[in-house]
Amino acid sequence: MIKIRIKKEMHTPRGQEWLDIDLNIAKGEFVTVFGESGAGKTTLLRILAGLTQAQEGYIEIDGDVWFDSQKGINLPIQQRKIGFISQESSLFPHMTVRENLEYACSDKNALNSIEEWIITIGLKGLEAQRPDQISGGQKQRVALIRALIKQPKILLLDEPLSDLDIHARLNLQDEIIKVYQKTGITTILVSHDLSEVFRLSRKVFIIHRGKITKSGSPQEVFVNNDLSGKFKFTGEIIEIHKDGVLNILTLSIGNHVTKVVASDEEILGLTIGSKVIVASKAFNPLIFKA
Amino acid sequence: MSMVDIDVSGDVFCSIVLETASTASYLKQGSSVTLVFKETEVSIGKNLTGLISLRNRFKATIKRIEKSDILTKVFLNYRDKEIVSIISTRSAQKLGLIIGDDVEWLVKTNEVSLLQEG
């Protein structure tokens, strides 16, 4: 169980605002912190990681106190068992992929786990490459393995996919799901990408101007109920293909990629990457035993 | 489940929805709603005679036709509103649809969604 009660002053374009968070995350949960930029998402992760200090509050992970402003406890980053991955991974440019990973190992167990992670995360064959010879998505995979070999208690993901193109993003989402299924590690993802939230997390906290305003499953939090269609999902457009008088849209919905037909009028103003609600009458879907 | 009758400038449309008056606040007499259906669910009839189970059938005039290999998009003028029907090009040819034709357009009640206004 992670208990977070913290207050910290933030300087935003709107002036001074308080990050004022009180939340619990169960061990082994995958949660997303969702909100606009400047809402305090990254600050929250940095406070958890020990990169920034809260003015007051309390942070406890599985019974260990990491921060307690009243008792003057503030564990340094090295003693907090976290894996932190940000938008841009900071790999050593002069080292190969394998050297970057080996450098992060503090013991033999960690060294021994490198090979297994390289296979699991799909980096086999790239071990001898230097960071400038691999793609952005591959760099993020290296960063992910580097975080995992230290066997952290929590994985903190600060929009690690936001700089990647849609295909690299979907691939890395698959890897993150794989890691989570394999390790069951408590994971906190910061994101402002709706389809990512739906795909990866079971629970989402909406943060607005430093406060948690809503929490629940992505369905509960995001799906509005003003349309009578009962068969309704939120997704993201991956591809638009014109076919005769219609368009065939490829959408990412939850963990699936699917295709839907739409007229020109229906897709006015929509482009690749647009978030869409896909709805149908409850009468249409066919049901088969899976 | 509810069968909802909607008055659209004098014509009565029907929609079947899963909600009932107790689960959806907009399902009450006098509420304004927007009717939503997909172009591909709109059929076209010409010189229709005999009985048909579809209750949503209304008179319109063809104002434009866009053809492709498999499908054809028919733009209709229905009470000065535009209704679009997408049917197979084969059917469009069989019916001999041309601009200015008086036709009927049909949509099944279970294909009509209601969008709450406001």
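Student: In this predicted model, which residue of β7(B) stands opposite Leu71(B)?

Tutor: Leu71(B) falls within strand β6 of chain B, residues 71–78. That strand is joined to β7(B), and the two run antiparallel. The residue of β7(B) that stands opposite Leu71(B) is Ser88(B).

Student: How many bridges join β6 of chain B to β7(B)?

Tutor: In the strand order β4-β8-β5-β6-β7 of the open sheet in chain B, β6 is written beside β7. The two strands run antiparallel, and the number of bridges that join them is 8.

Student: Which are the edge strands of that sheet in chain B?

Tutor: The sheet is open and has 5 strands with antiparallel pairing. An edge strand here pairs on one side only. The strands concerned are β4 (43–45) and β7 (81–88) of chain B.

Student: Are helices α4(A) and α5(A) roughly parallel or roughly antiparallel to each other, and why?

Tutor: Helix α4 covers residues 136–148 of chain A and helix α5 covers residues 166–183. Their axes are 10 Å apart and the packing angle is about 15°. Angles under 35 degrees count as roughly parallel. The helices α4(A) and α5(A) are therefore roughly parallel.

Student: Which residues of α5(A) make the contact with α4(A)?

Tutor: The crossing of α4(A) past α5(A) is right-handed. From α4(A), the contact draws on Gly136(A), Gly137(A), Gln140(A), Arg141(A), Leu144(A) and Leu148(A). By class, the contact has 5 nonpolar, 4 polar and 2 charged residues. On the α5(A) side, the residues are Ala168(A), Asn171(A), Leu172(A), Glu175(A) and Val179(A).

Student: In which sense do β3 and β10 of chain A pair?

Tutor: Strand β3 spans residues 30–34 and strand β10 spans residues 203–208. Val33(A) stands opposite Phe205(A) of β10(A). The pairing extends over 4 bridges, and its sense is parallel.

Student: Which residue takes a positive phi in the hairpin of β10(A) and β11(A)?

Tutor: Strand β11, residues 211–216 of chain A, pairs with β10(A) in the antiparallel sense over 5 bridges. Within this pairing, Ile207(A) has Ile212(A) as its bridge partner in β11(A). The hairpin has 2 residues between the strands, and the residue with a positive phi, near 45°, is Arg209(A).

Student: How many nonpolar residues has the side of chain A that touches chain B?

Tutor: The contact involves 13 residues of chain A and 20 residues of chain B. On the chain A side, 4 residues are polar and 3 are charged, while the number of nonpolar residues is 6.

Student: What ipTM does the predictor give the complex?

Tutor: For chain B, the mean pLDDT is 93, and 99% of its residues reach 70 or more. The complex as a whole receives a pTM of 0.60. Its ipTM is 0.80.

Note on methods: Residues numbered from 1 in each chain as written. Chains lettered and ligands numbered in written order. Predicted model: local features only at pLDDT ≥ 70, side-chain atom pairs only at ≥ 80, totals over all residues. Contact = placed C-beta atoms within 7 Å. Nonpolar A, V, L, I, M, F, W, Y, C, P; charged D, E, K, R; others polar. pLDDT = per-residue confidence, 0-100. Pairing = 2+ DSSP bridges. Axes fitted to C-alpha atoms, helices over the stretch in contact; angles between N-to-C directions. Parallel < 35°, antiparallel > 145°, perpendicular 65-115°, else oblique. Left-handed = near helix turned anticlockwise from the far one by under 90°.
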